[in-house]
Amino acid sequence: MVPAEADASGVLEESTMPAQVIAGELKPSRLNFAQVCIQCGDRWCHSPECIAQHQRSRWVVCPDCFGELYRPSGDPCGCLYGLVETYPAAAGRQS
Ligand SMILES: [Zn+2]
Ligand SMILES: [Zn+2]
């Protein structure tokens, strides 16, 4: 009585996919490299409002510099890490 292929349980692991970064889901970290909150400008900010606001925010590659931080003219771009926050149609905006 040999269990032929009954114990092939390891196969199931293949179906577990890691979280994928979808195009359009780019997002800079809320605290920048200086640990300053990009929402309110406070260092080491732990504000729940900032965290929630950051989670809701949507970012796209900067259309002015295409993520290179310098515009084609050579001027430094005012975007954030080559990303800019985008404001989808103000559905459910509360303030
Ligand atoms: Zn903050
Ligand atoms: Zn830019």
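1. Let's start with the confidence score: pLDDT is the predictor's confidence in each residue, from 0 to 100. For residues 11-21 the pLDDT stays under 50, and the model gives this stretch zero contacts beyond four places in sequence; two residues are in contact if their C-beta atoms, placed from the backbone, lie within 7 Å. Where pLDDT is low, the predicted coordinates should not be read in detail.

2. A word on conventions before you go on. This is a predicted model, in which local features need pLDDT of at least 70 and side-chain atom pairs count only at pLDDT 80 or more, while totals for chains, interfaces and linings use all residues. Residues are numbered from 1 along each chain as its sequence is written, with chains lettered from A and ligands numbered from 1 in the order in which they are written.

3. Here is the chain as a whole. Its average pLDDT is 80, and 66% of the residues score at least 70. One helix and two strands make up the secondary structure, in the order α-β-β along the sequence. Helices (H or I, at least four residues) and strands (E, at least two) are DSSP runs, numbered from the N terminus.

4. The cut-offs go by other C-beta atoms within 10 Å of a residue's own, with C-beta atoms placed from the backbone: 20 or more is buried, 12 or fewer is exposed, and in between is partly exposed. Among contacts with a separation of 6 or more, 35% join residues 24 or more positions apart.

5. C50 is worth a look in your viewer. This cysteine sits in helix α1, which covers residues 48-56. Leaving out residues up to four places away in sequence, C50 touches R30, C37, Q39, C40 and C45. R30 is 20 residues from C50 along the chain, and their C-alpha atoms are separated by 8.2 Å. C50 counts as partly exposed because it has 18 C-beta neighbours inside 10 Å.

6. Please also check two backbone angles. Most residues other than glycine have a negative phi. F66, which is not a glycine, has a positive phi of about 55 degrees, and L69 has a positive phi too, near 70 degrees. F66 lies in the loop between β1 (58-61) and β2 (83-86), and L69 is also placed in the loop between β1 and β2.

7. How exposed are F66 and L69? F66 has 14 C-beta neighbours inside 10 Å, so it counts as partly exposed. L69 is partly exposed as well, because 15 other C-beta atoms lie within 10 Å.
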